[in-house]
Amino acid sequence: CIEFHSGANLISLLSLPLNEGLSDLPECIDAIIGQGVGAAYIDGFGWIGSLTELSCDDGYWFKNSCDDFEWCYDGIDCYDEMVYSLDYGNNLISYPYDECGEITEVLPDDVEDCMYAIGGEGAAALNTENGWVGSLTALCPNEGYWFVTSCDIELTYDEPTSNARKTELSSSPY
């Protein structure tokens, strides 16, 4: 199940819907943007755009035009040990595990030198000479991430072993 709030949601999928294409999506989802692809739902025409099917290794912006809801669906499980080919610059990718993992735990040491930053929905982390800093501390299931790299790399996440949790920061009273 994936929880959606009204507006744009940066997600990834732990399993793919059983039917190919975009036909299984909830009616409240009326647009999807991936890295270099997109599709919009137009009444009377269906899904229109360059994005025709979803992938396990990509992240997506799903636009929800309704109130908050949870989408539960039957799907084909994705595999944990995906190899991501990241190009220099921005890469919108998934996180394949069903548990959160701290950034320092799930990123292999041999790729961290090429990692400049990671952006999630409303949170980000910057790779500095003193380590990762920012509001994003862990990568979590069903969430998409922008990986900003300073070189072309192959990435395979390390499996999380700690009990990292996503924490929601309370909003400022000011």
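1. Of the 174 residues in the protein, 43% are buried (under 20% relative accessible area, with exposed meaning over 50% and partly exposed in between; 1.4 Å probe, protein chains only). This is a predicted model, in which local features need pLDDT of at least 70, side-chain atom pairs count only at pLDDT 80 or more, and totals for chains, interfaces and linings use all residues. Residues are numbered from 1 along each chain as its sequence is written, and side-chain values use heavy atoms, with hydrogens and water left out.

2. The radius of gyration is 16 Å, which agrees with the value near 16 Å for a compact globule of 174 residues (taken over C-alpha atoms; the rule is 2.2 Å times the number of residues to the power 0.38). The C-alpha trace spans about 55 × 40 × 25 Å along its principal axes.

3. The protein contains 18 strands and 2 helices (DSSP runs numbered from the N terminus: E of at least two residues for strands, H or I of at least four for helices). Among contacts with a separation of 6 or more, 73% link residues 24 or more positions apart (contact means heavy atoms within 4.5 Å).

4. Five strands form an open sheet in the order 2-7-4-5-6, with antiparallel pairing (two strands pair if DSSP finds at least two bridges between them). Strand 2 and strand 6 (46–49) are the edges, each pairing on one side only.

5. Strand 7 is antiparallel to strand 2 (residues 7–11) over 5 bridges, and tyrosine 60 is the bridge partner of isoleucine 11. Strand 4 (residues 29–34) is joined to strand 7 by 4 bridges, with isoleucine 29 opposite asparagine 64.

6. Not counting residues up to four places away in sequence, tyrosine 157 touches, among others, Tyr84, Ile93, Pro96, Leu107, Leu139 and Phe147.
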